[in-house]
Amino acid sequence: MCQKQIKLNAKEDVQEFVRAAGKCDFDIDVFYNRIIIDAKSILGVLSMDLTRVLTVRCHGESKEFNRTLQKFAVA
């Protein structure tokens, strides 16, 4: 299980992130504070406060998805 912090600044970023998550065959959660959303749900991710840094928890491993995480990673 890996955990990264990301920032999604635009709707296009959300679409790209959810599309990449949807290709994975394992669970991926996005959360901040006590709110946890399935990363494969575009409506769920769009309902989050995108002005905040989000934490992504992956319950598996995918090189392609890791590249997407790196693109949106917070330093």
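What covers the buried residues of α3? The views below come from a predicted model, and the first of them takes up this point.

**View 1. Helix α3 and its cover.** Helix α3 spans residues 63-72, and its buried residues are Phe 65, Asn 66, Thr 68, Leu 69 and Phe 72. Seen down the axis of α3, these residues fall within an arc of 155°, so they line one face of the helix. The cover over the buried residues of α3 includes β1 (2-6), α1 (11-22), β2 (28-32) and β4 (54-58). Lys 63, Arg 67 and Lys 71 are exposed residues on the face of α3 turned away from the buried side.

**View 2. The salt bridge between Lys 71 and Glu 16.** The side chains of Lys 71 and Glu 16 form a salt bridge, with an N to O distance of 2.9 Å. This pair links distant parts of the chain, since Lys 71 belongs to helix α3 and Glu 16 to helix α1, 55 residues apart. Lys 71 counts as exposed because its relative accessibility is 53%, and the cut-off for exposed is over 50%. Glu 16 has 28% relative accessibility and therefore counts as partly exposed.

**View 3. The salt bridge between Glu 64 and Lys 23.** A salt bridge joins the side chains of Glu 64 and Lys 23 at 3.6 Å, N to O. Glu 64 is in helix α3 and Lys 23 is in the loop between α1 and β2, so the pair ties together parts that are 41 residues apart in sequence. With a relative accessible area of 40%, Glu 64 is partly exposed. Lys 23 counts as exposed at 59% relative accessibility.

**View 4. The salt bridge between Asp 49 and Arg 52.** In the salt bridge of Asp 49 with Arg 52, the closest N and O atoms are 3.2 Å apart. Asp 49 counts as partly exposed at 27% relative accessibility, and Arg 52 counts as partly exposed at 38%. The count of salt bridges in the model comes to 3. In general, side chains of opposite charge can pair when their charged atoms come close.

**View 5. Strand β2 and its partners.** Strand β2 is mostly covered, with 5 of its 5 residues buried. Ile 28, Val 30 and Tyr 32 point one way from the strand, while Asp 29 and Phe 31 point the other way. β2 runs antiparallel to β4, and 4 bridges join the two strands. β2 also pairs with β3 in the antiparallel sense, over 4 bridges. Phe 31 stands opposite Thr 55 in β4, and its bridge partner in β3 is Ile 36.

**View 6. The turn between β2 and β3.** β2 and β3 form a hairpin with 2 residues between them. Asn 33 lies in the loop between β2 and β3 (35-38). Phi of Asn 33 is near 50°, a positive value in a residue other than glycine. Most residues other than glycine have a negative phi. Asn 33 counts as exposed, because its relative accessibility is 63%.

**View 7. A nonpolar surface patch.** Ile 42, Leu 43 and Leu 46 make a nonpolar surface patch of about 270 Å². Leu 46 lies in helix α2, which covers residues 42-46. The relative accessible area of Leu 46 is 35%, so this residue is partly exposed.

Note on methods:
Residues numbered from 1 in each chain as written. Predicted model: local features only at pLDDT ≥ 70, side-chain atom pairs only at ≥ 80, totals over all residues. Heavy atoms only, no water. Buried < 20%, exposed > 50% of the residue type's maximum accessible area, 1.4 Å probe, protein only. Arc of directions from axis to C-beta. Contact = heavy atoms within 4.5 Å. Salt bridge = Lys/Arg side-chain N within 4 Å of Asp/Glu carboxyl O. Patch = residues over 30% accessible without salt bridge, like charges linked within 9 Å, V, L, I, M, F, W, Y side chains within 5 Å. Areas by Shrake-Rupley, 256 points an atom, 1.4 Å probe, with all protein chains shown as cover. Pairing = 2+ DSSP bridges.
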